[in-house]
Each structure stands twice: as C-alpha cells, then as structure tokens.
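Take a look at the structure below.

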Amino acid sequence: MADNSVRFSVNGQDLEAPAGEMLIAATDRAGIYVPRFCYHPKLSVAANCRMCLVDVAGAPKPMPACALPVAEGMEVETRSDRAIAAQRATMEFLLINHPLDCPVCDQGGECELQDLAMGFGRDISRFSEGKRAVPDPDLGPLVSTDMTRCIHCTRCIRFGEEVAGVQELGATGRSEHMEITTYVERSLKHELSGNVIDVCPVGALNNKPYRFNARAWEMSAHATVAPHDCVGSSLYAHVLRGRVRRIVPRENEAVNETWISDRDRFSCEGLYVRDRLQKPLVRRQGRLIETGWEEALEAAAAGLARVTEERGGQALGALASPSATVEEGSLLRKLMSALGSANVDHRLRQRDFRGTAPAGPAPWLGTRFSDVESLDSLLLVGSDLRSEAPILAHRVRKAAMAGARVSYLDLAEREYLHPIGTGSVQHPRDWARALGQLAGRALRGRRRALWLGGLAMRHPAYAELLEAAAEAAAGAVLGHVTQGGNGAGLHLAGVIPGEANGSGAAGVNAGQMSREALAGMVLMGMEPDLDCVGGAGYAMREADFVLVLNPWASPWLLGNADVVLPIATFLETPGTLVNGQMDWQTFAAAAPPPGLSRPAWKVLRALADCLGLDGFGFADTDQVLADLKQRIERAPAAADPTPRGAAIGSLALDDEDYAGLELPMYSVDGLVRRSAPLQQVAAMRRAA
Amino acid sequence: MRRDVSDKTLLPVAARAAIRESAGRFPRGRQRSAVLDALRLAQEGNGGWLSVELMDEVAEELELPPIQVYEVATFYSMFQVRPVGRHCVSVCTNISCWLRGGEELLQHLESRLGISVGESTFDGRIFLKEEEECLAACTGAPMMMVDHSYHENVTPEEADRIIEGLG
C-alpha cells in the first residue's frame, strides 16, 4: 500500500487503508458487513440514517462508519454489545413510521430495510402511537411513489444533485413533517432519473411500469447488454414465466458503473405490445396471410431467387438496424454476398457517404469510457450527447466537474448540466468552416478529444465536416459517438457496401437505397419510414420484392412487405454488440421470443438453407462469431478513412437538406418507440 | 439555467439587488448560503408569505434549482408558504411560559380572534402562528412575539391591547 496508508483493526482483524478513507469503504473491501441505508459508494456521505454505528475504542459513543475516516491504530468493533445495541436502536427508530405493508410492496424480497429488520429489528414494536402518512407525489410515468415508506436516507436527492446534475427531488419540511418530494407537482425529467429506483433502499421509489408484476424471488436474472446507444450498458433482465418483467443495471465499472439510462431500463416495455408479430406473414393476392415458417421461408427464398435470376444479384439490397448483433449482421452480409450483392448497410440515417472508404477502420470513440473522466478538454461537434448516450454524457459531466474544458459546436442551445468552455451555435452549413478556429480555443491541455456526434454523422456534407474535424483535431483524439447499439460492430462485420463484404463490387449504400430502392430489399430490425432518412419509406415501396425481418408489424411493413419473418429482440437472442470503446460484449438470450418468432441469426441460416447456399452450417452464434473474427483477421489493414480535398467533390445543398437532423432520444429504434412509458415522457418533453 | 429577467416579476427590483448583494458575500458557487436572506427579503415584500412563483424567482436570481429554495422555505418556521394575515402573532407555550399561563393566553387569543393557531383572521389582519417553541425570553414568561417585537409578562388584557393597536 502507499505511504499514506494507515493500519487499524476491525473486530480484531488487522486492516490497512488510505488515510482519510471512510471506515465503511474499508470494511466493505475487507468483506466485513456494516449495515447501512444512506451510504452509497457513488454518492456523498450524508450520515443521516445512523444505521452504520460502530463501536470505536476510546470514543464516548458509537460512531457512524460512513463518516468516520480511518486513522492509525483505530480499534473498531462492529458486533460488540454497544455496536449492536446502537444498530438495534436505530432500526427501531426507523421502523416507527414505516408501514408494515411488505406483502403489497414491490420492494419486498429485495428491500434493504426488510433485510436489516430481519437482522436487527425486534419482532414486536413498542411504538403504540399513530404512524404518519405521507402523500405520494406524481413523478411521471417511470417512477412510482409510496412516500409513507420513505426513511429519509436522501440517496435520491443526492443522486439528482451529484450524479444527474440537476436536483429534482428535495426534502421539504422538517422532523416528522419532512417529505421527499418535488414540492410542486412535476415529473422527473432527467434521462437517468430511473436510477433513483435502485438507490432507494426501501419501497418508496419504485419502477412504475413494473408495479405489481412479479416478486423479486420468483424471477430469474439474465445478464445482457443494452442496444440503444454506443455505451452498451450492462443489464440484468428479470424474467418470470418466459417474459421479461423489468431491466435493472448490472454493475460494470468500465462501462456504466452502477447506472443505466431510462431508455435502457424502460425500453423492455415495448416487448409485448399489440403489434408484436407472432407468426410469419406472406402476401397472397395482395394480402398478408399468417403462415408457418416453412411456407414463409420458401416464399422469402423464392422472392429473392426471382429477383436474382431476373435482375442479377446487384438488384438486391439489404439494410440492418444499427443495433443488430454482429452475428446477425455477419450472416446478412454473407447471405447477400452469396446471392451476388454488395449492397448491405446499417448506417440508416447517414446522408453523405462521399469519401467514406469502405475498408476504413471502424468508427469508435477513440477513448475508453473511464479515460473520458481524465480528459483535459473535449469538443463535441454536432452531438446531443445527453440524448444520444446518457451514460457517456454522465462521464463527460464528471470530467467537466473535475475541471475539463468541455466545448460544443451545435445547431441549437441545449441544457448542459456542467460548465462549458466554449459553446458555439451555428447553422450546420457553417460547421466545417467554424471548426478550425473553434478547436483552437476549445482544445487545450494534454489529453484532448474531438467527438463527432449523431448530428455530425447525419450531416448532408459529412465528408467536408469529417475532413475539417480531422484537421482541427490536430493531435487530439478524433472519436465518433457511434450510432445505434452496434455501429462499430456492424462496420467490423462488413455490413457496409462494397469491398469490405468481399464481393469486389462497389455496392449501394443506405442513402442510395433510401432515395431509389433496388428491385429486391431485405430489411432487418428496422422500419424504413422511421429509421432511415426522410423519403425512404416512399422509395422502398417501389421495390418488387420486400422481405422484412422484424419483431413488430408497423403500418409501413404491413403495407409494403411481401414476406414478413418475425424475429427476436435483443432480449430474446444470443449475440454480440461492440460498443463505442470497442468492447465485444456477448450475451445470451434472456427470454424466449413470443409466438413463432425466432432469433434473426437462425432465420437467416434457415433462409440460406432454403436458397441452397453453402457456408451457413453454424450450430450457434459462437460459431458465427468465430467465423467473423477469422474474416477480420484475414482482412487487409484498414486504410485512412478521412476523405481528402478534391477527392470528395462538392455538393450544392439547400435548407431542405439540413432538415430533420435531430433524432429524439425516444425515437431511436422500434423497441424504444413501442415503450409506452418512454413515449409518455417524450410527449411531456415535446409539450414542455 | 438562468433565464432573461422579464419585466413582469414579483420580486421588486430593490429586493433583487439586495439578494444579489447577499449572494455576493459568499464564495462563488456557494450561493445556496444566501437562500435564507433572499427568502426573508422576498417574504417581507410580499405581505409575509412566499408563493411558489416567488420562490421560483428567488431560485432564478440565485441560479439554484427551485427545489433547493422550497426545501429551505418549508424547513424554517419563520417562512410561510400559504397566504397569512399581515401581522404575525406567536405565543410561546414552552415550559416556562406554560407554567406562567402561556396556554391560557393562547386560548384567550384564539377565542377573541375566532381562529385556531395556524389560521388568519378573515380581514387578513392577524395571523396566529403555530405554537411557538421557546423564544428565549423565559425570564419574562409568558411571552408573545408580534411581528418581530417581544412582549413579556403578557396578560390576556395586555394581549388585547397589543392586538388592537396593530394596523
């Protein structure tokens, strides 16, 4: 240990810890349990619940371990008579006003108060006076409130102030009249506000959509990975009787710490909705008819074969959701390649593809998430980061609060919850020109980064912007806030047109397919009218044959698809997502897909079989992944992706080309769009 | 976070200036320390109580989230968050005053004014504040505080005279 460490003993066990560290952190590390409610390792010390009182030799009374800095020679007893008496007294005090409604409380079974009451509580109460009752504020569609259960630990308040960066909840009144509330009825607005559900040690703040759905001990927990942004937060899906009931964070210090965004937590509410497909659909005499898999796969294979025979493989195009797994992407690319098409893409909302070398390295953030916190300066170009990747925005906020200079070039003012170095709001047509000068002012210090966000990547003259950014970065890390949950992975899986998929032909990109659909289209996990640049929904109607693989039936898909194959969502398929810091995160299926729907990788494999194609004999997704990794190893070293000067040509753009660059947080993909509570929040945001 | 100050504000210009002056006495980023002062100024200029809108303006002036202002306003008994009468009357009923007739004094005022503690008279003149804890005038028990003045050794007759003398 370092020189500034001190030695002390707890329950006779010798421990060592850095001077100044709170005792509870040291005992936690040593595996010595001290009961607590208000202490949380990611929040400031409040020391107001008094549950962690321990017996310190020489101290006149028990001391709270969460607020007691360790000192040389300190002798602590956590289980002595005096410590236990203090802890039991605190527990009795906390239970005075706590209702005994555990049987109807969603927290029951996973409640810190319940657990500690078992360990430290009496079996009968000596309190015969009336208990207080507290009105429940309406905090919006995500968080339910039962404030009579609150024990005033203030974790939720500290979470808002310290982590979210905006205090939405507070403690009004005092003593017996103290209430945790917003005071004026208002919904929680912050994109991380659902985390108060996890920090609340009792059943006061709970998951509203999950209310009365299941008991904690009935469910099985399945580790998985969030697909809605480039963070790829670690999650647990809690499953009961084959259905995902809720999502909770899985602690992963390197990715999401202990937090997840509301989008990752509540998107699962879009799983079992009315338009979830239960069976394959095939168009017969102009109408989509429910069928079994055999008939549907034959119809799909026949349609693809017909287009290939009549118009050649290059008349086929395929688009995949940017949140599709690398296995799904890899199989889709292989399928198209085998049919003679180089036209696959996942960059659905990108508008300008000039100069983007297909064999270029995959875009990524350029920085590990944890290193973001130690940046000296960061310039965000065209990024609504709080909406694109809330957890990443939290890392940036931490950096800014620690003194990093965070600047932005954007098309609108946004609410930043941290100090800003230089903020510049300009029409996107001026971004490339403004970038050089702005970067000079914004990027200072040793560790500098310039990130291109979603607005930048959707820019109609992205090539010029990318060139300007590469120049302006001048030694700073040039990173991309990759889109979808697997922007980097699908690039690596070759779900981009042209050389990278090995066919040698140039290939048609997503932008071209959105303007002028090919004769045959394969759409996987996406809805062209909502997921592509404007007009794609109209263009793709013109295709002779539209094969759809999607979990849901949207009006567009029902109106235009010839064959619809129902597939699993990320919670129902094994797969791998590559996040913005290039972690390959493989996960298993958490729940079975509903009805006859099947994981997309199996559907693609079966489709290849029906088409009589070789090389699809994969037994599981691990084999698909291994096959892809071999391909990546064989691929030549990536070329410099940055387009240069005249090579990219120039575009004449008018105002219309700049329309619709924004992508609202709760519109990013089909699952999020179908989550009723998230859509209620989105509607409230629009109304505000 | 800070919006442009519109012309139509509830906080008088002088109060805004005083609040800024008060905030300036604390280190940068510690403007939360000025909330008490700011609320006192706001309440004085608003007939003795704080509306949500007024607290929002205080929050805006100090660049704080409104909830941090609500917390302080509801914590201290010196602040009223409901409309109350012009004159604030509180009778001490803590131990010394209780032994010397504080409770009888309070009951007398309640029946004379026709209101209970925590209520205001219909004419908006008198606010009989929730029973006050010790105001540190035990040597002159029973005592009552009217607006910010102490009255000691108060008899019911004297209390009547004091109340009558209020505007």
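**A helix and a sheet**

Start with chain A. Among the residues of helix α11(A), the buried ones are A:Pro390, A:Ile391, A:Leu392, A:Ala393, A:His394, A:Arg395, A:Val396, A:Arg397, A:Ala399 and A:Ala400. Keep in mind that this is a predicted model. Buried here means under 20% relative accessible area. In α11(A), 10 of the 12 residues are buried, so the helix is largely enclosed by the rest of the structure.

Now trace its length. Helix α11 of chain A covers residues 390–401. From its first C-alpha to its last it reaches 16 Å, close to the 16 Å expected at 1.5 Å a residue. A:Gly403 follows α11(A), and its phi is positive, near 115°.

Move on to chain B. Here 4 strands form an open sheet with mixed pairing, in the order β2-β1-β3-β4. Strands β2 (126–128) and β4 (149–151) of chain B stand at the edges. Each has a single partner strand, so one side of each is left without a neighbour in the sheet. From one strand to the next, the twist averages 25°.

Look at one pair of strands. β3 (residues 144–146) of chain B pairs with β4(B) in the antiparallel sense, over 3 bridges. B:Met145 has B:Tyr150 in β4(B) as its bridge partner.

Which helices pack on this sheet? Helix α6 (residues 102–113) of chain B does, touching β1 (87–91), β2 and β3 of chain B. The direction of α6 makes about 145° with that of β1(B). Helix α7 (residues 156–164) of chain B also packs on the sheet. Helix α7 touches β1, β2, β3 and β4 of chain B, and its direction makes about 10° with that of β3(B).

Definitions and conventions:
Residues are numbered from 1 along each chain as its sequence is written. Chains are lettered from A and ligands numbered from 1 in the order in which they are written. This is a predicted model: local features need pLDDT of at least 70, side-chain atom pairs count only at pLDDT 80 or more; totals for chains, interfaces and linings use all residues. Side-chain values use heavy atoms; hydrogens and water are left out. Helices (H or I, at least four residues) and strands (E, at least two) are DSSP runs, numbered from the N terminus. The expected span of a helix is 1.5 Å times one less than its number of residues. Buried means under 20% relative accessible area, exposed over 50%, partly exposed in between (1.4 Å probe, protein chains only). Two strands pair if DSSP finds at least two bridges between them. Axes are lines fitted to C-alpha atoms, for helices over the stretch in contact, and angles run from 0 to 180 degrees between N-to-C directions. Contact means heavy atoms within 4.5 Å.
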